[in-house]
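Open the model in your viewer and keep the selection panel at hand. This tour says what to select next and what is there.

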Amino acid sequence: MPAPTPGCAVPRFSVIVPAYKVQAYLQESLESVLSQSYPDLELIAVDDASPDACGSIIDEYAARDPRVTAVHLAHNLGLGPARNAGLARATGDYVVFLDGDDTLAPGALQAVTDRLKATGSPDVLVYDYARSFWTGELVRNRLAHRLSEEGPASFRLADRPALLSMLMVVWNKAYRREYVEREGLEFPPGLYEDTPWTYPALLAAESVAVLDRVCVHYRQRRTGSILTTTSRRHLDVFDQYDRVFGWLATRPELERWRPAVHRRMAEHFCALYADPRRLPRSGRAEFFARASALLRRYRTPAGAGAQPLSLSRTDRLRHTLMRLGVRRTYRLASAARAAALATARAGAALWRGLRESALRLHYRVQRLLPLRPELAVFSAYWHGGYACNPAAVEAKLRELAPRMRTAWICDPRHTATLPPETTPLRPGSAAYWTALARASYLTTNVNFDRGLVKRPGQVLLQTQHGTPLKRVGLDLQDRPAATPTADFEGLLRGADQWDYLLSANRHSTLVWEKAVPASYTTLEYGYPRNDPFHRATQAEVLALRERLGIAPGTIAILYAPTHRDYRRSRPEHLDFERVLRDLGPRFTVLARTHLTYAGTEPSPEAHPRLLDVSGHPSVEELCLASDALVTDYSSLMFDYASLDRPIVIHADDWEAYEAARGTYFDLRACPPGAIARTEDELVDIFSTGHWQGSRSAQLRAAFRSRFCTHDDGFAAERVVRRVFLGQQTPLPAVVPPEDRHPAPAAPAAPASPSASPAGARTPLTAGLWP
């Protein structure tokens with residue numbers, strides 16, 4: 001490898017990207033590297049004589065960014081030699097490999113360099129990845145728990161041998177370049193070229209560290225991937241393991257690892273043989289015979305060497321049969337296992353069918369029994385936890401009518417959020433159907449089970465869960481991108497069962513009555529979930545901030561974007577690392593992912609002033625704890641406005657959102673505060689103080705006057721007295737806006753400038769919208 005040019009700074013990272021027939025993905029891959037918040041890198045892009053536009057794409061990037069080195073191979077040599085060509089030009093402290101159709105996650109290199117510093121510059125750092133499917137789904141590695149950062153900062157592989165059970169690829173690790181040179185690591189030709197690199201790199205390392213963070217998005221292409229293409233080239237795997245064991249033979253001090261590597265090899269062979277996409281029918285017998293020969297050749301006597309990785313009894317049998325070369329028996333065993341699994345699935349399906357039939361019969365019987373006048377059933381967010389308007393109504397009902405018994409439908413994962421006074425109901429259970437059949441009152445913010453048959457005498461309250469900015473109900477009939485499988489007939493059947501629909505304001509009343517027409521009575525009472533905004537004290541606000549880990553005196557920004565109907569995956573709107581760096585130490589960001597993406601996306605990148613609050617059970621508590629809200633088109637802005645705290649709209653894709661979902665009014669014409677279209681403008685709004693300036697206050701006052709007419713702290717009481725206690729009058733009168741006293745924010749941090757410095761943009765008034 002070349003030495004750095006005298007006088008030139010050595011980059012922290014050399015990122016090597018080989019490219020062959022990936023023209024559709026290469027630009028995204030290169031951009032993911034060059035846009036990293038940690039810029040100290042060189043990008044070595046290798047055109048492996050690709051017949052498409054890869055070479056010209058690489059040249060374009062090299063022409064406009066001096067960090068890019070373009071390498072063109074005269075002949076197609078394959079992934080391994082292409083990486084070697086890039087490695088020969090690397091000068092960075094650490095080498096990182098990235099395939100030309102994969103991407104680095106935002107903030108990945110900053111997280112890697114921080115971890116390298118924290119662990120003493122180890123030889124190898126292993127980080128995590130997520131599979132990025134062509135459908136838009138992003139799924140984190142199922143063995144992510146192996147990357148726990150508990151324990152010693154760096155270690156030898158012998159201290160954590162379970163790392164060998166992870167995917168043995170080159171691109172989920174950073175390698176110290178001096179270590180690579182000392183060990184003479186290089187890639188062989190052929191498929192599965194990662195194998196003879198990764199095993200030596202891990203086994204010989206004097207220090208290894210881990211980073212529990214997704215740094216790579218591993219693209220799962222629908223077509224075109226060599227690993228899912230039928231070819232005899234998959235037999236290259238035998239040469240690669242020959243190289244691994246040949247290397248082990250030259251390192252007697254590492255011979256103890258032979259059993260573990262042998263077991264991983266057996267797993268690899270069995271997985272390849274089981275995949276119908278890889279081996280041609282004419283090559284399957286040869287593959288099995290060569291696998292058997294290699295497993296026998298490198299087998300270590302029992303008890304020798306390091307403790308091998310644990311296996312199930314079934315896997316142990318498969319490995320043994322393959323090693324013995326009894327292909328027919330192996331096939332019979334595989335067929336028997338598949339039959340057993342199919343039988344188990346059929347039995348489970350039969351059991352489910354019988355159980356569902358029994359529950360339907362149970363529900364019919366229960367509907368013949370008298371209603372229980374003092375039982376009220378609640379649910380929120382598709383069997384989620386104790387939240388939103390239903391939670392506020394349930395709490396107020398127990399306060400005003402202690403004789404009432406309440407039950408809450410929720411998934412068992414969320415029962416910890418319920419107060420002890422309410423009874424949890426598991427969805428689909430016998431108790432669940434009994435409650436739906438016999439409760440006199442039913443309250444939800446979404447929809448009940450489609451199997452619900454509302455009985456005479458039952459009262460169903462639909463609270464909804466937000467003021468509609470985006471189109472809803474029948475108004476989505478011409479928006480297929482927003483509702484690709486909308487069941488409008490089912491929507492109206494459900495609405496026909498509503499007795500009351502809760503509305504927060506006149507705008508919501510008009511929208512719902514047109515978008516979901518039915519014979520319900522609209523209660524324009526305000527949103528009960530916003531009542532705490534008028535009841536909480538400053539001491540309670542400070543306690544919330546302390547519990548969340550917000551440092552005293554800092555400005556806490558709640559960042560809560562909504563989902564995108566026109567995208568399957570969550571859009572990455574902000575580079576948190578960059579935003580927090582530019583705003584400085586006075587600011588902390590509370591990042592809350594929309595519940596649509598819960599459990600499907602990696603958490604935001606780690607940063608000491610970035611708190612991932614996606615799993616926090618109460619968004620109302622997050623609002624109370626924050627000093628300002630940054631959102632895009634989320635209905636949370638209407639609730640937050642009743643707190644009378646600053647709101648900033650980050651609308652970086654308004655045109656696309658409006659085209660896909662449609663909105664009821666132009667947010668740009670009457671925003672609740674400053675509007676930013678880009679990340680730069682968002683940073684300017686906070687760094688110049690416009691987020692809390694007089695113009696922002698004027699916009700917020702107009703917004704509150706229009707949308708917060710009834711949010712005065714008494715909405716829940718109005719609902720309970722009307723729906724559950726049957727009182728028409730008197731209900732708590734609406735407190736005039738000028739007499740309301742929302743919960744005070746935490747004591748202010750040192751004031752921001754009240755005007756823009758010379759030459760700065762004025763985001764509230766200048767050129768944000770065409």
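A cavity is a set of points, on a 1 Å grid over the protein atoms alone, where a 1.4 Å probe fits but cannot get out; its lining residues have an atom within 4 Å of a point. Volume is the space filled by probe spheres set on the points, with grid points joined across faces, edges and corners. The model is predicted: local features need pLDDT of at least 70, side-chain atom pairs count only at pLDDT 80 or more, and totals for chains, interfaces and linings use all residues. Residues are numbered from 1 along each chain as its sequence is written, and side-chain values use heavy atoms, with hydrogens and water left out.

**Stop 1: the cavities**

The structure holds two cavities of 30 Å³ or more. Helices (H or I, at least four residues) and strands (E, at least two) are DSSP runs, numbered from the N terminus. The lining of the largest cavity has eleven nonpolar residues, no polar and no charged ones. Here Ala, Val, Leu, Ile, Met, Phe, Trp, Tyr, Cys and Pro count as nonpolar, Asp, Glu, Lys and Arg as charged, and the others, Gly among them, as polar.

Next, select V126, L163, M166, L167, N172, K173 and L202. They line the second largest cavity, which has a volume of about 30 Å³. This lining divides into five nonpolar, one polar and one charged residue.

**Stop 2: strand β17**

Go back to β17. Five of its five residues are buried, so β17 is largely enclosed by the rest of the structure. Buried means under 20% relative accessible area, exposed over 50%, and partly exposed in between (1.4 Å probe, protein chains only). Show the side chains. I555, I557 and Y559 point one way, A556 and L558 the other way.

Two strands pair if DSSP finds at least two bridges between them. Strand β18 (residues 587–591) pairs with β17 in the parallel sense over five bridges. Y559 has A591 as its bridge partner in β18. Strand β20 (residues 628–631) also pairs with β17 in the parallel sense, over three bridges. There, A628 is the bridge partner of I557.

**Stop 3: strand β13**

Select residues 439–444, strand β13. Six of its six residues are buried. Strand β10 (residues 372–378) pairs with β13 in the parallel sense over four bridges. Strands β13 and β14 run parallel too, joined by four bridges. Centre on Y441. In β13, Y441 is the bridge partner of A376. In β14, the bridge partner of Y441 is V459.

**Stop 4: the nonpolar cores**

A nonpolar core is a set of buried Ala, Val, Leu, Ile, Met, Phe, Trp, Tyr and Cys residues joined through side-chain atoms within 4.5 Å. The largest one has 103 residues, and F13, W197, F269 and F287 have the most contacts inside it. Helix α8 (residues 258–274) gives the most to this core, with eight residues. A second, separate core has 37 residues, including I550, L611, L629 and I647.

Zoom in on F13. Contact means heavy atoms within 4.5 Å. Beyond four places in sequence, F13 touches residues including Y38, L41, Y94, V96, L109, V112 and L116.

**Stop 5: C215**

Move to C215, in strand β9 (residues 208–220). C215 is buried, with a relative accessible area of 1%. Leaving aside neighbours within four places in sequence, C215 contacts T103, L104, A105, A108, V112, Y127 and D128. Draw a C-alpha to C-alpha distance from C215 to T103: 8.6 Å, for residues 112 apart in sequence.

**Stop 6: two positive phi angles**

Most residues other than glycine have a negative phi. Select S121, in the loop between α4 (108–118) and β6 (124–133). S121 has a positive phi of about 55°. Is S121 buried or partly exposed? At 33% relative accessibility, S121 counts as partly exposed.

Finish at Q464, in the loop between β14 (459–462) and α14 (488–495). Phi of Q464 is positive, near 60°. Q464 counts as buried, at 7% relative accessibility.

Terms used. On a 1 Å grid over the protein atoms alone, a cavity is a set of points where a 1.4 Å probe fits but cannot get out, and a pocket is an open set with protein on both sides within 12 Å along at least five of seven lines; lining residues have an atom within 4 Å of a point.
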